[in-house]
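This report looks at one helix and at some charged pairs. Please view the structure before reading on.

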Amino acid sequence: KIGSYVLVIGKTLGHLHQSEFFREVMNFKEGPPPEVNLFNEKNNGLIIKDLISKKFLNSVHDVSSGGILVALSEMCISGNIGIKIKIPIDNISSHEYLFGEDQSRYLIEINEKNKNKVGNILDKNGIYYELIGRTQKDSLDLDEEFSIKISDLNELNTSWFKNYFMED
């Protein structure tokens, strides 16, 4: 739904070792995997399950391989809807925030009418979250960095695999 809020559930620390970003962009394959906090993993997962059962979420997506930007792109493609995001001011760089593969994180989309209810549930359960944007008609926009039409994003997504193997 256009105008819904998009939140990141779980703390983004910007872990890039063993990430798709380091492997594909930096050609760097060394370093430790992200730390797993089993308490946060269980707590965040159970809260997401609870929010789904209460029908407070329009959509939900795990943040895993590729980080937040890849998960947002997948949400835009599958929902055929755009998102305008703003990276929270933090102590990490934008590429660490967007491509970090920290564990126990989810993207959720909620209606404006459920924003306070969801916020109260997250606060009551000690869940870290950040509001990063709102849904919009037909493009994925990141601050002043870039804007891409969902149709173009979908085309890139569907043609990449074929083009990757055709280059050889």
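## Terms and model

A residue is called buried when its relative accessible area is under 20%, exposed when it is over 50%, and partly exposed in between. Lys 54, with a relative accessible area of 41%, is therefore partly exposed. The model described here is predicted.

## Helix 2

Helix 2 covers residues 38-53, and its 16 residues should span 22 Å at 1.5 Å a residue; the end C-alpha atoms are 22 Å apart, which agrees. Buried in this helix are Asn 43, Asn 44, Ile 47, Ile 48 and Leu 51. Seen down the axis of helix 2, the buried residues fall within an arc of 130 degrees, so they line one face of the helix. Their cover includes strand 1, strand 2, strand 4 and helix 5. On the face turned away from the buried side are the exposed residues Leu 38, Lys 42, Lys 49 and Ser 53.

At the N-terminal end, Asn 37 caps helix 2 with a side-chain oxygen 3.0 Å from the backbone nitrogen of Phe 39. Just after the helix, Lys 55 has a positive phi of about 60 degrees.

## Salt bridges

Side chains of opposite charge can pair when their charged atoms come close. The whole structure has four salt bridges. One of them joins Asp 50 and Lys 54, with the closest N and O atoms 3.1 Å apart. Asp 50 is partly exposed, at 25% relative accessibility.

Another salt bridge pairs Arg 134 with Glu 112, the closest N and O atoms being 3.4 Å apart. Arg 134 lies in strand 5 and Glu 112 in the loop between strand 4 and helix 5, so the pair ties together parts 22 residues apart in sequence. Glu 112 is exposed, at 53% relative accessibility.

Methods: Residues numbered from 1 in each chain as written. Predicted model: local features only at pLDDT ≥ 70, side-chain atom pairs only at ≥ 80, totals over all residues. Heavy atoms only, no water. Helix = DSSP H or I, 4+ residues; strand = E, 2+ residues; numbered from the N terminus. Expected span 1.5 Å × (residues − 1). Buried < 20%, exposed > 50% of the residue type's maximum accessible area, 1.4 Å probe, protein only. Arc of directions from axis to C-beta. Contact = heavy atoms within 4.5 Å. Polar contact = N/O pair within 3.5 Å; in protein donor to acceptor, adjacent residues only side chain to side chain. Salt bridge = Lys/Arg side-chain N within 4 Å of Asp/Glu carboxyl O.
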